[in-house]
Amino acid sequence: MKKIISFIAILSLLFVAACSSGASGDKESFPTGNIEFVAPATPGGGWDATARAIQKILKDESIVDQNINVVNKPGGSGEVGWQYLSTKDAHYLSINSSLLITNNLLGQSELTYEDFTPLAILTTEWISIAVGNDSEFKTAKDVMEQLKKDPGSLTIAVAPGLGNNDHLSFVQAAKTYGVDVSKLNFMIYESGGDVVTALLGGHVDVATMAVSESKDQHIAGNFRVISVSSDERIEGLEDVPTWKEQGVDMVFPHWRGIMGPKDMTEEEIAYWDKVIGEMVETDAWKDLVKNNDWTSFYKNSSEAAKFLEEQTTMYKDLISESGLVD
């Protein structure tokens, strides 16, 4: 009898140990292999720089043990890279931006943010409005007053096309001020550099571009930045007021984030929440943000999902009202 009891006790201990081992194994089962970050663009751009910075910091700070590779999948304004991600598992992540939303709304892609798992919003750049030094407009409010009287009276430079954040941030500001945005007169250029050249040459009345493209020109006195889309004044551009300070109740971020494929498990999402949350608190990440004239805009997975839903509603309204789609 004692032998039977002892045998049962041993079996019980083995069962408990096996269960504990299995639970621990499950907990540690992800990730099980290499990690791949998709930069849906050619090397050297903002998406690529963000992906490679994440790769470096996660390894240098020993936040992730697995090997991390960055793969470039350019084409279709992000479409090629995001289609690639949609066929993968939670070991694959991609950088995203508002193009994930606007590509769909403009009929250029069937993908939406709901085809993926939002994991984080990381950073934002802000968007500026600039005029030539000899412009009659001293403030962005002056520009809006003119456009309210005659929406087509000013030429507005933008690159590389309509439907991007530079364009839609201007549309949002004008809409908020009461301008008929369907009649705005945009001049489309191939690059931000071409926009700068057009403004310097006096070929347009106003230009909308990222702060990173306008800041140095403003500081050098080559043209005047008259508004920024941030919620507070920007370091290095302390003399430039925000839209809100000029009576236009608008904040418009040009954000970048991270997403994974659809149907990730709660455990996989929790893992990436922990990893990314640790990363954005490192000095290396904070230095990177500052050195690139970015602004920290961190939102975790649940906050990112809500943010993307809100952004989709906003972009849908802006694109419709600007006349880009019927």
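**Close-ups of a predicted model**

**View 1. Confidence along the chain.** This is a predicted model, and its chain averages a pLDDT of 91, with 91% of the residues scoring at least 70. Residues 7-27 are where to be careful: the pLDDT there is below 50, and the stretch makes zero contacts in the model beyond near neighbours in sequence.

**View 2. Glutamate 110 in its loop.** Look for glutamate 110 in the loop that runs between α4 (99-105) and β4 (116-125). Its relative accessible area comes to 74%, so with the cut-off for exposed set at over 50%, glutamate 110 counts as exposed. For a sense of scale, valine 251 sits 141 residues away from glutamate 110 in sequence, and the C-alpha to C-alpha distance between the two is 28 Å.

**View 3. The largest pocket.** Here's the largest pocket, with a volume of about 840 Å³. Its lining takes in 34 residues, and those nearest the centre are Leu99, Ala159, Pro160, Asn164 and His254. Two or more lining residues come from each of α2 (46-60), α4, α6 (165-177), α8 (211-219) and β10 (254-261).

View 4. Sort the lining of the largest pocket by class and you get 20 polar residues, nine nonpolar and five charged. As for elements, α4 gives the largest share of that lining, with three residues.

Conventions:
Residues numbered from 1 in each chain as written. Predicted model: local features only at pLDDT ≥ 70, side-chain atom pairs only at ≥ 80, totals over all residues. Heavy atoms only, no water. pLDDT = per-residue confidence, 0-100. Contact = heavy atoms within 4.5 Å. Helix = DSSP H or I, 4+ residues; strand = E, 2+ residues; numbered from the N terminus. Buried < 20%, exposed > 50% of the residue type's maximum accessible area, 1.4 Å probe, protein only. 1 Å grid on protein atoms, 1.4 Å probe; cavity = no way out; pocket = protein on both sides within 12 Å on 5 of 7 lines; lining within 4 Å. Points joined across faces, edges and corners; volume = space filled by probe spheres on them. Nonpolar A, V, L, I, M, F, W, Y, C, P; charged D, E, K, R; others polar.
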